[in-house]
Amino acid sequence: MSVRSVRATLATLAMSAAAVFGLAQPASAAGDNYVALGDSYSSGVGAGSYTSESGTCKRSTKAYPSLWATANSPSSFRFVACSGATTASVASGQLSALSSSTTLVSVTAGGNDVGFADVMQTCVLQSEATCVSRVNTAVSQMQGSLPGKLDSLYAGIRSRSPQARVVVLGYPRFYKLSGNCIAGLTETERGAINNASDVLNGVLAKRAANAGFTFSSVVDEFTGHEICSGDAWLHSVDWLNISNSYHPKATGQSGGYLPAFRSAV
């Protein structure tokens with residue numbers, strides 16, 4: 001018997017055993033009622049192909065929620081993530097999409113609460129010292145006020161969808177240090193921004209765990225595809241379409257966020 005035949009036989013036996021003994025199999029997504037909440041990293045800003053109904057929320061057909069729904073055909077799909085959303089605006093403007101019949105929820109939130117856009121604008125336009133100071137202010141907010149805001153949002157999600165699996169996704173590191181960028185921010189600035197991303201992801205992971213939710217990092221998926229890597233899945237400063245700046249490209253959604261979400265589901 002060939003090696004390939006042996007492997008096929010073993011795979012068949014394993015599947016048969018799982019069926020007989022009730023071992024866990026991948027859950028069918030066809031029965032899911034899926035709601036995608038969050039900010040621009042979930043709506044798909046930077047990926048293009050925005051739906052006309054979404055307006056300034058810029059929900060993209062190339063964003064990970066749409067890609068996952070297309071691939072898995074859930075029973076229902078509500079895509080309400082919106083560019084610029086904070087924990088408070090997700091709570092006030094998006095949670096109405098949830099119900100007791102919701103079985104799957106994804107969410108990205110927290111970056112705008114600590115002034116993500118202002119941090120990056122400061123670092124691009126001002127001095128290294130000013131940039132690092134602004135980043136440190138954001139880190140202080142992550143460690144101070146943000147946990148309570150996340151707790152409130154997560155409690156609202158759980159209250160409206162008590163049976164749902166909830167996946168909280170994090171944010172990528174923006175820069176490959178000692179990469180191939182020859183202009184732009186200094187290595188000190190890039191390192192400070194990466195460190196802030198790590199702190200934010202740590203806060204998100206802890207609050208998600210406390211809420212009984214699943215946290216899924218995207219750092220591994222984006223490693224090797226940061227700005228300055230030579231194969232970036234993130235936009236750097238886009239002067240022609242400034243809202244794209246520091247957001248995932250379509251490749252970042254399909255190659256970064258989608259696998260991270262899929263692995264958690």
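This is a predicted model: local features need pLDDT of at least 70, side-chain atom pairs count only at pLDDT 80 or more; totals for chains, interfaces and linings use all residues.
Visitor: What makes strand 4 and strand 5 a pair?
Guide: Two strands pair if DSSP finds at least two bridges between them. Strand 4 and strand 5 (residues 214-216) have three bridges in the parallel sense, so they qualify. Residues are numbered from 1 along each chain as its sequence is written, and side-chain values use heavy atoms, without hydrogens and water.

Visitor: What joins strand 3 to strand 4?
Guide: Four bridges do, and the two strands run parallel. Ser106 faces Val167 of strand 4, and Val107 has Val168 as its bridge partner there.

Visitor: Why do strand 2 and strand 5 stand at the edges?
Guide: The open sheet has five strands in the order 2-1-3-4-5, paired in parallel. Strand 2 and strand 5 each have a single partner strand, so one side of each lacks a neighbour in the sheet.

Visitor: What makes strand 4 "mostly covered"?
Guide: Buried means under 20% relative accessible area, exposed over 50%, and partly exposed in between, with a 1.4 Å probe and protein chains only. Four of the five residues of strand 4 are buried.

Visitor: Which residues of helix 3 are buried, and what covers them?
Guide: In helix 3 (residues 64-72), Tyr64, Pro65, Ser66, Trp68 and Ala69 are buried. Their cover includes strand 1 (33-36), strand 2 (76-79) and helix 10 (250-264), in contact terms heavy atoms within 4.5 Å.

Visitor: Why is helix 5 called roughly antiparallel to helix 6?
Guide: Helix 5 (residues 116-125) and helix 6 (residues 128-143) pack at about 165 degrees, with axes 8 Å apart. That makes helix 5 roughly antiparallel to helix 6, because angles over 145 degrees count as such, under 35 as roughly parallel, 65 to 115 as roughly perpendicular and the rest as oblique. The axes are lines fitted to C-alpha atoms, for helices over the stretch in contact, and angles run from 0 to 180 degrees between N-to-C directions.
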